[in-house]
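Take a look at the structure below.

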2 protein chains.
Amino acid sequence: MKTILLCIDTEVERAREQAASLTALPLETDQVRVVIYHVFRGDDGADAEKLKSVSEATERLEAAGFTVEIDQSSGDAVRNILEMADEIDADVISLAGRKRSPTGKALFGSVTQDVSLKSKRPVLLSTTE
Amino acid sequence: MKTILLCIDTEVERAREQAASLTALPLETDQVRVVIYHVFRGDDGADAEKLKSVSEATERLEAAGFTVEIDQSSGDAVRNILEMADEIDADVISLAGRKRSPTGKALFGSVTQDVSLKSKRPVLLSTTE
């Protein structure tokens, strides 16, 4: 069984792209556990399962045959994602990779860039404008 | 059939990590064509098949059951990789993701960063120190 850590924020479009980057691959879905992970900034009792981005990704991945779990934490996104990847021994970390600055220049988000640079695990970057 | 564009340079260790990032996934290997691609700086008649990095990646991927093709070009790496990805309609672009600067700071290579930012296709980043 392989584990993919899918780190999603609150942007529905990015969550869809991340789900699509997995469903586009010819993965043996019965051999893959996807852990959808959201890091809240503050610990205010919010529930990741109620986020539209999380439910969209979950629906699409389950429809494609993946086993999906949802997990959450609060605090520093980069540190928490790296810790979670170690904890579940993720084979791949899925991140949303791009956004445009107001001047139109393509940029990585800082969380995406930091996790990609700091983790030794393969990172699957899916991209949106 | 899905197509993965595996862009490798002359570093054997990075090529191994890129092959490992694919063999670590539960991919239906008979559904995947891997195109190993190397961009030479100059057009001096060099042959990508003779590069140690290319032969290492080829051996590992074929041993894992993937169909592997080798292609090459010369000139601007970023532009050529983006064009090749379009030409073969790559489902994923595999890139080597990291190196350390002399001060120990983690960095993306510029080709990796530019391709990741400029392509709309998912990018699989594998990392080495």
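The paragraphs below go from the whole assembly to single residues.

This is a predicted model, in which local features need pLDDT of at least 70, side-chain atom pairs count only at pLDDT 80 or more, and totals for chains, interfaces and linings use all residues. Residues are numbered from 1 along each chain as its sequence is written, chains are lettered from A and ligands numbered from 1 in the order in which they are written, and side-chain values use heavy atoms, with hydrogens and water left out.

Start with the two chains. Two copies of a chain are related by a rotation about an axis and a shift along it.

Now the interface. 27 residues of chain B are in contact with 27 residues of chain A (heavy atoms within 4.5 Å). The copies meet through the same surface, because 100% of the interface residues of chain B are also interface residues in chain A. Together the chains bury about 2500 Å², 66% of it on carbon and sulfur atoms (buried area is the accessible area, with a 1.4 Å probe, that two parts lose on being put together, summed over both). B:Pro26, B:Phe108 and B:Leu117 supply 25% of the area that chain B buries against chain A, more than any other three residues.

What about charge? Between chain B and chain A there are zero salt bridges (a side-chain nitrogen of Lys or Arg within 4 Å of a carboxyl oxygen of Asp or Glu). Over all chains, the structure holds 16.

Look at one in chain A. A:Glu56 forms a salt bridge with A:Arg60, their closest N and O atoms 3.3 Å apart. Both lie in helix H2 (residues 52–63) of chain A, four residues apart, about one turn of the helix (helices are DSSP runs of H or I, at least four residues, numbered from the N terminus). A:Glu56 is buried at 11% relative accessible area, while A:Arg60 is partly exposed at 41% (buried is under 20%, exposed over 50%, partly exposed in between, with a 1.4 Å probe and protein chains only).

In chain B, B:Asp9 forms a salt bridge with B:Arg14, with 2.7 Å between the closest N and O atoms. B:Asp9 is partly exposed at 29%; B:Arg14 is buried at 18%.

Definitions and conventions: Helix = DSSP H or I, 4+ residues; strand = E, 2+ residues; numbered from the N terminus.
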